[in-house]
Amino acid sequence: MTDQPLEPRLEDEELHEDEVVEEPVAEESAPAPDDSYLRLAADFDNYRKRVAREQVEWTSRANERLLNELLPVLDDLERALEAAAEHEEAKLEEGVRLVHRSLLGLVERHGLSEIETEGAFDPHVHEALLAQPGEGAEEGAVLQVLQKGYRLGDKVLRPARVIVAE
């Protein structure tokens, strides 16, 4: 063997029996067992975190659907309270108030909160159903709330339906 660098041979050159052509061998370094273990552990940790995030998101979506279905019940109870207040049947009113308070407490524990309607109209949380002249009110101020709006955390679940001053 020689210490000379290998040179390409032309086809017409002959190989002598005592010459051996050596081809360079690429040195591949196999990952150390500890390195592959660390990669596997990091991949598993990333997977675990992703699954936890997805689970929180699924729970949030499930709560959103449930609360969206409960909103008409809450609206009906509020209408019943208004009707009961006009009549002398105090026991009916007290019972309906109890149910209303209980249901309101339930939805608030699940993250539902009422959207504020005082002040100026905000298109991100209010839905203007009607614009009418308001005596003594600034233009764009909320005059009347036709249907309450609600948030679930930071997300608007249902905008407040309002009448706005022109």
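Visitor: In which helix does Val73 lie?

Guide: Val73 belongs to helix α1, which covers residues 33–86. Please keep in mind that this is a predicted model.

Visitor: Why is Val73 called partly exposed?

Guide: Its relative accessible area is 40%. Buried means under 20% and exposed means over 50%, with partly exposed in between. The 40% of Val73 lies in between, so Val73 is partly exposed.

Visitor: How far is the C-alpha atom of Val73 from that of His100?

Guide: The two C-alpha atoms are separated by 9.2 Å, while the residues are 27 apart along the chain.

Visitor: What makes Phe44 and Tyr47 an aromatic pair, and what makes the pair tilted?

Guide: The ring centres are 6.4 Å apart, and rings pair if their centres lie within 6.5 Å. The planes stand at 35°. Under 30 degrees would count as stacked and over 60 as edge-to-face, and the rest as tilted. The pair is therefore tilted. The structure holds one aromatic pair.

Visitor: Where do Phe44 and Tyr47 lie?

Guide: Both are in helix α1, three residues apart, which is about one turn of the helix.

Visitor: Are Phe44 and Tyr47 exposed or partly exposed?

Guide: Phe44 has a relative accessible area of 52%, and the cut-off for exposed is over 50%, so Phe44 is exposed. Tyr47 has 45%, which falls between the limits of 20% and 50%, so Tyr47 is partly exposed.

Visitor: How do you know that Arg48 and Asp45 form a salt bridge?

Guide: Their closest N and O atoms are 2.2 Å apart. A salt bridge needs a side-chain nitrogen of Lys or Arg within 4 Å of a carboxyl oxygen of Asp or Glu. The pair meets that limit, so the name applies. Arg48 and Asp45 are both in helix α1, three residues apart. Arg48 is partly exposed at 46% relative accessibility, and Asp45 is partly exposed at 24%.

Visitor: What does the salt bridge between Asp75 and Arg158 tie together?

Guide: This bridge is 3.0 Å from N to O. Asp75 is in helix α1 and Arg158 in strand β5, so the pair ties together parts that are 83 residues apart in sequence.

Visitor: Why are Asp75 and Arg158 called buried?

Guide: Asp75 has a relative accessible area of 9%, and Arg158 has 11% relative accessibility. Buried means under 20%, so both residues count as buried.

Visitor: What makes β1 and β5 edge strands?

Guide: The open sheet has three strands in the order β1-β4-β5, with antiparallel pairing. Strands β1 (112–114) and β5 (155–158) each pair on one side only. Neighbouring strands of this sheet are turned by 40° against each other on average, direction ignored.

Visitor: How do you know that β4 and β5 pair?

Guide: Three bridges link β4 (residues 150–152) and β5 in the antiparallel sense. Two strands pair if there are at least two bridges between them, so β4 and β5 qualify. Arg151 stands opposite Val156 in β5. The two strands form a hairpin with two residues between them, and Gly153 in the turn has a positive phi of about 70°.

Visitor: Which elements supply the largest nonpolar core?

Guide: This core has 12 residues in all, among them Leu67, Val96 and Tyr150. Helix α1, helix α2 (90–109) and strand β4 each supply at least two residues. The largest share, five residues, comes from α1.

Visitor: Which residues is Leu67 in contact with, leaving aside its neighbours within four places in sequence?

Guide: Leu67 is in contact with Val107, His110, Leu112, Leu152 and Leu157.

Conventions. Residues numbered from 1 in each chain as written. Predicted model: local features only at pLDDT ≥ 70, side-chain atom pairs only at ≥ 80, totals over all residues. Heavy atoms only, no water. Helix = DSSP H or I, 4+ residues; strand = E, 2+ residues; numbered from the N terminus. Axes fitted to C-alpha atoms, helices over the stretch in contact; angles between N-to-C directions. Buried < 20%, exposed > 50% of the residue type's maximum accessible area, 1.4 Å probe, protein only. Phe/Tyr/Trp six-rings, centres within 6.5 Å; stacked < 30°, edge-to-face > 60°. Core = buried A, V, L, I, M, F, W, Y, C linked by side-chain atoms within 4.5 Å. Contact = heavy atoms within 4.5 Å.
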